[in-house]
Amino acid sequence: MIFPQFSDKIEKLIEFSALGATMLATLTHRKEVVFMSLPPCPNCSSEYVYQDQEMLICPECAHEWNPNEVPEEDDVITAKDANGTLLADGDKVTLVKDLKVKGSSQVLKIGTKALIRRIVEGKDHQLDCKVDGAGEMMVTAAFVKKA
Ligand SMILES: [Zn+2]
C-alpha cells in the first residue's frame with residue numbers, strides 16, 4: 001500500500017530526473033555544436049572552448065576573450081625575403097646584394113649576416129636589423145634571405 005503523500009513525492013522525483021536528463025541532453029548537444037565552430041584557446045590551444053554571450057572561455061586555463069576584439073599582438077607584421085620566405089623577429093638573414101648605407105660611404109657586402117630584431121610596417125626598410133660589422137640599421141626585406 002502506498003501512502004498518498006509518498007506517491008506524490010515519487011512522482012515529483014521522476015519529473016525532476018526527466019527534466020535533468022533533458023537538460024543534460026541539451027547541454028551535450030550544444031557542446032558538440034560549439035566545439036566545431038569555435039577557435040582553439042589562444043592561450044593553451046585547448047579545443048574545449050565554449051561561448052558565454054560575447055566571450056569565449058577556455059575551461060582548461062580559464063582564459064576569457066572576446067573573439068570580436070582582435071588582440072594587437074595577433075596583428076603580426078610580416079615581411080618576405082628575396083625568395084618570398086616569411087621573416088620573423090629573431091630570424092638570422094644574409095644580404096643577397098651589396099647595400100650602400102644611407103648617409104655614409106659604407107657598403108654592406110653581399111653575404112653579410114644580420115639578425116632581425118624587429119619587423120616594422122612599410123614598403124621597404126622593414127627590418128630593424130643588427131648587421132654584422134655595421135651595427136643596427138633598417139634593411140629592406142627583399143635584399144636579404146633567411147639564413
Ligand atoms: Zn586555454
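The largest nonpolar core of this predicted model has 14 residues, and those with the most contacts inside it are Leu 95, Ala 114, Ile 116, Leu 127, Cys 129, Val 139 and Val 144. Three strands, β6 (92-95), β9 (113-119) and β10 (127-131), each supply at least two residues of this core. A nonpolar core here is a set of buried Ala, Val, Leu, Ile, Met, Phe, Trp, Tyr and Cys residues joined through C-beta atoms within 7 Å. Buried, in turn, says that 20 or more other C-beta atoms lie within 10 Å of a residue's own; exposed is 12 or fewer, partly exposed is in between, and the C-beta atoms are placed from the backbone. In soluble globular proteins, nonpolar side chains tend to be buried together.

Before going on, a word on bookkeeping. Residues are numbered from 1 along each chain as its sequence is written. As this is a predicted model, local features need pLDDT of at least 70 and side-chain atom pairs count only at pLDDT 80 or more, while totals for chains, interfaces and linings use all residues.

Leaving aside neighbours within four places in sequence, Val 144 is in contact with Asp 81, Ala 82, Val 93, Thr 94, Leu 95, Val 96, Ala 114, Leu 127 and Val 139. Contact is used for two residues whose C-beta atoms, placed from the backbone, lie within 7 Å. Across the protein chain, residues 24 or more positions apart account for 33% of the contacts with a separation of 6 or more. Buried residues make up 14% of the 147 residues in the chain.

Now for the overall layout. The protein chain has 1 helix and 12 strands, and from the N terminus on the elements run α-β-β-β-β-β-β-β-β-β-β-β-β. Helices (H or I, at least four residues) and strands (E, at least two) are DSSP runs, numbered from the N terminus.

Five-strand sheet next: 5 strands form an open sheet in the order β11-β10-β9-β6-β12, with antiparallel pairing. The edge strands are β11 and β12 (144-146), each of which pairs on one side only. From one strand to the next, the twist averages 40°, with axes taken as lines fitted to C-alpha atoms (for helices over the stretch in contact) and angles running from 0 to 180 degrees between N-to-C directions. Two strands pair if DSSP finds at least two bridges between them. β9 and β10 run antiparallel and are joined by 5 bridges; Leu 115 stands opposite Lys 130 in β10. β10 also pairs with β11 (residues 135-139) in the antiparallel sense, over 5 bridges, and here Asp 128 has Met 138 in β11 as its bridge partner. β10 and β11 form a hairpin with 3 residues between them, and Gly 133 in the turn has a positive phi of about 75°.

A second open sheet has 3 strands in the order β1-β2-β3, again with antiparallel pairing. β1 (50-52) and β3 (64-65) stand at the edges with a single partner strand each, so one side of each is left without a neighbour in the sheet. The antiparallel strands β2 (residues 55-57) and β3 are joined by 2 bridges, and Ile 57 has Glu 64 in β3 as its bridge partner.

A few loop residues are worth a stop. Gln 53 lies in the loop between β1 and β2. Its phi is near 55°, a positive value in a residue other than glycine. Gln 53 counts as exposed because 6 other C-beta atoms lie within 10 Å. Ser 45 sits in the loop between α1 and β1 and likewise has a positive phi, near 65°. Ser 45 is exposed too, with 12 C-beta neighbours inside 10 Å. Pro 39 belongs to the loop between α1 and β1 and is exposed, with 11 C-beta neighbours inside 10 Å. Beyond its neighbours within four places in sequence, Pro 39 is in contact with Val 49 and Pro 67. The C-alpha atoms of Pro 39 and Leu 56, 17 residues apart along the chain, are separated by 9.1 Å.

How far can the model be trusted? The chain averages a pLDDT (the predictor's confidence in each residue, from 0 to 100) of 83, and 71% of the residues score at least 70. Confidence is lowest in helix α1 (residues 4-37), at a mean of 58, and highest in β6, at 98. Over residues 31-35 the pLDDT is below 50, and this stretch has 4 contacts in the model beyond near neighbours in sequence. Where pLDDT is low, the predicted coordinates should not be read in detail.
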